[in-house]
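Subject: Structure for your review

Dear colleague,

Please find the structure below, together with its sequence. My notes on what was found in it follow.

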Amino acid sequence: MRVIGARAAIALFTFAWTIVPQTAHAGSHQQADALLMQCSADTHDPAYRVKRAQCDGYLAGVYDLLFARKSVTDEACVPRRVTPDRLRGIVVDYLKHNPADLGSTAATAVRAAAARAWPACGLT
């Protein structure tokens, strides 16, 4: 097996980077209605596992951010450990009962759902 030189590897990576479509752009955010569709996918949907993974991955990222910020905000008092099922249930329930929020960004909706589920700690 031949080892690719560093310059060739960098060139290959750069080429691949330019031809692969970039899905995340500055200013583009996932919408709450799309998150609800992913998080509430039917188990009979052929893309169920993909949608569930997208939902859980997104929620884990926003949850981590909320937990990290809990020491500097009194918005929500998120617990240290939450199962993906519980977090998904809280967000889906919130969005189903607050359809006006379906037009907001997914992060805003997750933050609102967390604030409702876990009221403020009183931290400043």
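I begin with a contact between two helices. In α4, the residues I90, V91, Y94 and L95 meet A109, V110, A112, A113, R116 and A117 of α5. Sorted by class, this contact of α4 with α5 comprises nine nonpolar residues, no polar residues and one charged residue. Please bear in mind throughout that the model is a predicted one.

The geometry of this pair is as follows. Helix α4 covers residues 84–97 and packs against α5 at an angle of about 100°, the two axes being 9 Å apart. That angle makes α4 roughly perpendicular to α5.

As to the chain as a whole, the protein has five helices and zero strands. Read from the N terminus, the order of its elements is α-α-α-α-α. The protein chain has 124 residues, of which 26% count as buried. Among its contacts between residues at least 6 apart in sequence, 64% join residues at least 24 apart.

Helix α4 has 14 residues, and the distance from its first C-alpha to its last is 20 Å, close to the 20 Å expected at 1.5 Å a residue. Its buried residues are L87, R88, I90, V91, V92, Y94 and L95.

Helix α5, formed by residues 106–117, has 12 residues and reaches 16 Å from its first C-alpha to its last, close to the 16 Å expected at 1.5 Å a residue. Which residues of α5 are buried? They are A106, A109, V110, A113 and A114. Viewed down the axis of α5, these buried residues fall within an arc of 135°, and they therefore line one face of the helix.

A109 lies in helix α5 and counts as buried because its relative accessibility is 1%, which is under the 20% cut-off. Not counting residues up to four places away in sequence, A109 touches A32, Y94, L95 and S104. A109 and L95 are 14 residues apart in sequence, and their C-alpha atoms are 7.4 Å apart in space.

Within α2, I would draw your attention to L36. With a relative accessibility of 13%, L36 counts as buried. Leaving aside its neighbours within four places in sequence, L36 is in contact with V92, L95, K96 and L102. L36 and A106 are 70 residues apart in sequence, yet 8.6 Å apart in space from C-alpha to C-alpha.

Is H29 buried or exposed? It counts as exposed, at 55% relative accessibility, since the cut-off for exposed is over 50%. H29 and A106 are 77 residues apart in sequence and 7.5 Å apart in space, C-alpha to C-alpha.

The other is V78, which is found in the loop between α3 (48–69) and α4. V78 is buried, its relative accessible area being 1%. Between V78 and R111 there are 9.9 Å in space, C-alpha to C-alpha, and the two are 33 residues apart in sequence.

With kind regards

How values were computed: Residues numbered from 1 in each chain as written. Predicted model: local features only at pLDDT ≥ 70, side-chain atom pairs only at ≥ 80, totals over all residues. Heavy atoms only, no water. Helix = DSSP H or I, 4+ residues; strand = E, 2+ residues; numbered from the N terminus. Expected span 1.5 Å × (residues − 1). Buried < 20%, exposed > 50% of the residue type's maximum accessible area, 1.4 Å probe, protein only. Arc of directions from axis to C-beta. Axes fitted to C-alpha atoms, helices over the stretch in contact; angles between N-to-C directions. Parallel < 35°, antiparallel > 145°, perpendicular 65-115°, else oblique. Contact = heavy atoms within 4.5 Å. Nonpolar A, V, L, I, M, F, W, Y, C, P; charged D, E, K, R; others polar.
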